[in-house]
Amino acid sequence: MKPSLVKGTRDFGPEQMSKRLFIFDTIRATFKRFGFLPLETPAMENLSTLTGKYGDEGDQLLFKILNSGDFAASIAPEVLATGSKAVLPKIAEKGLRYDLTVPFARYVVMNRHALALPFKRYQMQPVWRADRPQKGRYREFYQCDADVVGTDSLLCEAEIVLMVHEVMRNLGIQNFALKVNNRKILTGIAEAIGAPGMEGALAVAIDKLDKIGQEKVLDELRDRGFAESAITALLPMFTMQGTTEEVLNKLKSWLTQSETAQKGIAELEETLRLVAQYGLENPQIELDVTLARGLSYYTGAIFEVKALGVSIGSISGGGRYDNLTSAFGTSERLSGVGISFGVDRIYDVMEELSLFPADAGQGTTVLLVPFDAEGRSVALPLLNALRRAGVSAEMYPDLAKVKKMLDYANAKRIPYVVLIGSEEVQTGQLAVKNMLTGEQQKMTAEAVISFVQG
RNA sequence: GUGAUUGUAGCUCAGUUGGUUAGAGCGUCGGAUUGUGGUUCCGAAGGUCGCGGGUUCGAGCCCCGUCUUUCACCCCA
C-alpha cells in the first residue's frame with residue numbers, strides 16, 4: 001500500500017516548519033505586545049455550535065464527524081426513507097472548526113462569569129474547510145486570531161489597524177493594502193436603493209467589481225432578484241473613487257436618508273481619526289466600499305489584507321460582530337471585533353517574494369567532528385559548554401569518516417564545524433571551519449564558543 | 001457543488017502511428033581518498049508506468065470508471 005495524504009492537507013518538513021515558526025513567532029509577539037492572552041479550543045465542536053454562523057456556503061464547507069460506534073444502527077427505516085439530508089444530523093453531531101471566531105464566542109459565553117471584560121485573546125490553531133483545494137486554498141490551514149469581546153470602543157478597530165501594520169512590517173511584507181469598510185454602510189446602501197435586508201446578496205455581487213466589472217455586477221444583481229429601480233439607484237456606488245476623505249463625503253451625501261449608513265460612516269471616520277492619533281507612520285489603509293466578506297456574522301467594521309504583487313487571495317481578514325454570543329443564548333449583548341491572519345497564505349506570499357530572512361531556516365550552528373574516541377572525549381565537554389552558552393550544537397553520533405560528517409553538516413546547512421583529531425587533542429587548539437567560505441582556523445575550546453556566537 | 005487538467009525511479013521529466021528488455025538529469029549509496037565537504041571521475045541500487053476494468057495477438061500509449069494533482073468558477077485565509 002502506498003501512503004498518501006488526505007486531499008488538501010500537507011506535511012511540513014523541518015525547513016518549511018522553521019519558516020512557518022518565523023511567521024507564528026512574529027504574529028504572536030505582536031499579539032502579546034498588544035495585551036492579548038492565549039487560548040486554545042478543541043478541533044471538534046458540536047455541529048449546533050458551528051452551523052448557521054457562516055452562511056449557507058459556509059455550512060456546506062463544514063467537515064462533519066460521524067458519531068462513534070455503530071452510528072447507523074439507530075436510524076429508523078422511515079427516517080432513512082426520507083432521504084440523505086434527514087439522516088445526516090442523526091449520524092453526525094460533531095464537526096471540525098471552520099474558523100477560530102465562533103469557538104471563541106462559544107468559549108466566552110460558557111465562561112462569561114469568570115472573564116474580566118473586555119476580554120482579549122489570541123489563538124493560533126488549524127481550521128478545516130471542505131473546499132476544493134487550489135492556489136492558496138487548503139482544506140487544513142492555520143489561522144492566527146486576535147479578538148476583543150465586551151466593548152464597542154472603536155479603539156479596538158484602531159488597534160487592529162496598528163497590529164496589521166506591525167505584523168506585515170515585521171514579516172517583511174512591505175507592499176500590502178489594508179482594505180477597510182463597514183457592514184453598516186452596505187446595509188444602508190441596501191436600504192437606500194429600496195432593497196432592505198438584501199445586503200448579503202448585494203455584498204457578494206459588488207465584491208466582485210474589480211474582477212468582473214460594473215456591467216456583470218449589475219447582471220448578477222438582476223439574477224439575484226434586485227429590481228431595475230434598485231439597480232439604477234445603485235449607480236452612484238460606482239463613482240466612489242478618490243481619497244478616503246472624498247469617498248466618505250460622497251457616501252455621506254448619497255446616503256443621507258439612511259441612519260444605519262451614517263452610523264457606519266461615522267464609525268469609519270472615528271476609527272481613522274484614532275489611527276491618526278496613534279501616530280501610525282505611512283498607513284497603508286484603503287477604504288473599499290465594495291469590500292464585503294462572506295462570513296455572515298459581521299455587523300460593523302470589516303478588514304481585509306491583500307499582499308500586492310502576488311496573485312494570492314487575502315492573507316488576513318476580520319471585522320466586528322455584534323450578535324455572535326447571542327447566538328449561544330446570552331441575553332447580555334457582547335460585541336466583539338477581531339482579525340485573523342492566514343499563515344499558509346502568508347507563507348506562500350513570502351515564498352513567492354523571497355521575503356524569508358536567511359536565518360529563518362537555520363537549525364544547528366555548530367557540528368563537532370571528532371576523528372576518534374580520544375577526540376570525542378574532548379568534544380563532549382565542549383558540546384555541553386556550547387549548549388549552556390545557548391548555541392545550537394550537535395555531534396555526529398557515529399565515529400564515521402570525516403567526509404561523511406562534513407556531508408552531514410552540508411546537508412543540514414550547519415555553518416561551522418569543529419574538527420578534533422589527535423593533533424588538536426594534544427595542543428588543545430581546535431580547528432574551526434567555516435563551511436560557507438571554507439576558511440579554517442585554530443583556537444581553544446573556550447574561544448570556539450564566543451567565535452560561533454559572533 | 002460546476003468545468004477543465006495532471007499522474008512514468010526519491011525529485012524534475014523523456015518515452016514516436018499501440019510492438020519485444022521503459023530511459024535521462026538531479027539526488028541517494030559505495031569507491032577513487034585511513035585528517036577535510038560543497039568540484040571531478042568510476043560504479044551500484046532504485047519501476048505493480050496512480051488504481052480497477054475493457055479493447056487488442058500485443059497497452060506506459062486507446063476506451064470506461066475511480067482516486068490524486070493543479071487551475072478556473074462559487075466562496076474564502
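**Close-up views of a predicted model**

View 1. Helices are DSSP runs of H or I with at least four residues, strands runs of E with at least two, numbered from the N terminus. From helix 7, L155, E157, A158, E159, V161 and L162 meet T271, L274, V275 and Y278 of helix 14. Contact means heavy atoms within 4.5 Å.

This is a predicted model: local features need pLDDT of at least 70, side-chain atom pairs count only at pLDDT 80 or more, and totals for chains, interfaces and linings use all residues. Residues are numbered from 1 along each chain as its sequence is written, chains are lettered from A and ligands numbered from 1 in the order written, and side-chain values use heavy atoms, without hydrogens and water.

**View 2. Q143 sits in strand 6, residues 140-149.** Q143 is buried because its relative accessibility is 9%; buried means under 20% relative accessible area, exposed over 50%, partly exposed in between (1.4 Å probe, protein chains only). Beyond four places in sequence, its contacts include D99, L100 and R129.

**View 3. Y297 lies in the loop between strand 8 (285-287) and strand 9 (301-307).** Y297 is buried too, at 9% relative accessible area. Among the residues it touches beyond four places in sequence are K53, Y54, D99 and T101.
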